[in-house]
Each structure stands twice: as C-alpha cells, then as structure tokens.
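Subject: Handover of a structure, with notes

Dear colleague,

I am passing on the structure below, and after it you will find my notes. Please read them with the model open beside you.

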Amino acid sequence: GAQVIEPLPLLRPVLSAVTLIYLLRGVVGPFFLINTGRSTRFIVISSAVCTGFGLAHGIGLLQMWGRLA
C-alpha cells in the first residue's frame, strides 16, 4: 500500500525541471526550429502541444506542491 517506500529524493526540483523544459520547448523552441527544414505546421503544433503539457504539468505541480516531499 501507500507509504511502503520512502518518498523519492529531489522530487520537487525534478518535477519543476520537467515543467520548465516543456515550457521552454513550447515558447522558445520555434525560434530554434526555424530554418531547420521542418514545416511551419510542425513547428506551431509541436510548440503548442509542449506549451499545453507544460501548463498542465505546472498547474498539477502547484496543486500537489504541499504533498510532495
């Protein structure tokens, strides 16, 4: 059941880093993907998806922050 193992170390910093990476890829990524041969559609959609994942991950992280070790 729950609490059988100890909480993972560095849980907050690692989850925060994941959120930051998603958001950076979504917001800054398009500037690095221009002139790489990828289509504009790919750049826009993949950046929107990464931004959405980053926002969802960040909101969930903020909601659970107090429960994380």
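Which backbone oxygen lies 2.7 Å from a polar atom of the side chain of Ser46? It belongs to Phe42, and the pair qualifies as a polar contact, that is, a pair of N or O atoms within 3.5 Å in which, within protein, one must be able to donate a hydrogen and the other to accept it, while residues adjacent in sequence count only if both atoms are side-chain atoms. The side chain of Ser46 also reaches the backbone oxygen of Ile43, at 3.4 Å.

Before going further, please note that this is a predicted model, in which local features need pLDDT of at least 70 and side-chain atom pairs count only at pLDDT 80 or more, whereas totals for chains, interfaces and linings use all residues. Residues are numbered from 1 along each chain as its sequence is written, and side-chain values use heavy atoms, with hydrogens and water left out.

On the overall build, the chain has three helices and zero strands, and along the sequence these follow the pattern α-α-α; helices are DSSP runs of H or I with at least four residues, strands are runs of E with at least two, and both are numbered from the N terminus. The C-alpha trace spans about 50 × 20 × 20 Å along its principal axes.

Among contacts (heavy atoms within 4.5 Å) between residues at least 6 apart in sequence, 76% join residues at least 24 apart.

Turning to helix α3, which covers residues 40–64, its 25 residues reach 36 Å from the first C-alpha to the last, close to the 36 Å expected at 1.5 Å a residue, the expected span being 1.5 Å times one less than the number of residues. The buried residues of α3 are Ile43, Ser46, Ser47, Cys50, Gly54, Gly58 and Leu61, and what covers them includes α1 and α2.

Ser47 counts as buried at 5% relative accessibility and, leaving aside residues up to four places away in sequence, touches Arg25, Gly26, Pro30 and Phe42. Cys50 is buried with a relative accessible area of 16%, and with the same exclusion of residues up to four places away, Cys50 touches Tyr22, Arg25 and Gly26. The C-alpha atoms of Cys50 and Val27, 23 residues apart along the chain, are separated by 8.4 Å.

As for aromatic rings, those of Phe, Tyr and Trp (its six-membered ring) pair if their centres lie within 6.5 Å, with planes under 30 degrees apart counted as stacked, over 60 as edge-to-face and the rest as tilted. By this rule the count comes to one aromatic pair. The rings of Tyr22 and Phe53 have centres 5.8 Å apart and planes at 70 degrees, so the pair is edge-to-face. Because Tyr22 lies in helix α1 (residues 11–27) and Phe53 in helix α3, the pair ties together parts that are 31 residues apart in sequence. Tyr22 is partly exposed at 32% relative accessible area, and Phe53 likewise counts as partly exposed, at 47%.

Finally, some backbone angles. Most residues other than glycine have a negative phi. Leu10, however, has a positive phi near 60 degrees; Leu10 is placed in the segment before α1 and counts as exposed at 60% relative accessibility. Asn35 has a positive phi as well, near 65 degrees; Asn35 lies in the loop between α2 (29–33) and α3 and counts as exposed at 79% relative accessibility.

How values were computed:
Buried means under 20% relative accessible area, exposed over 50%, partly exposed in between (1.4 Å probe, protein chains only).
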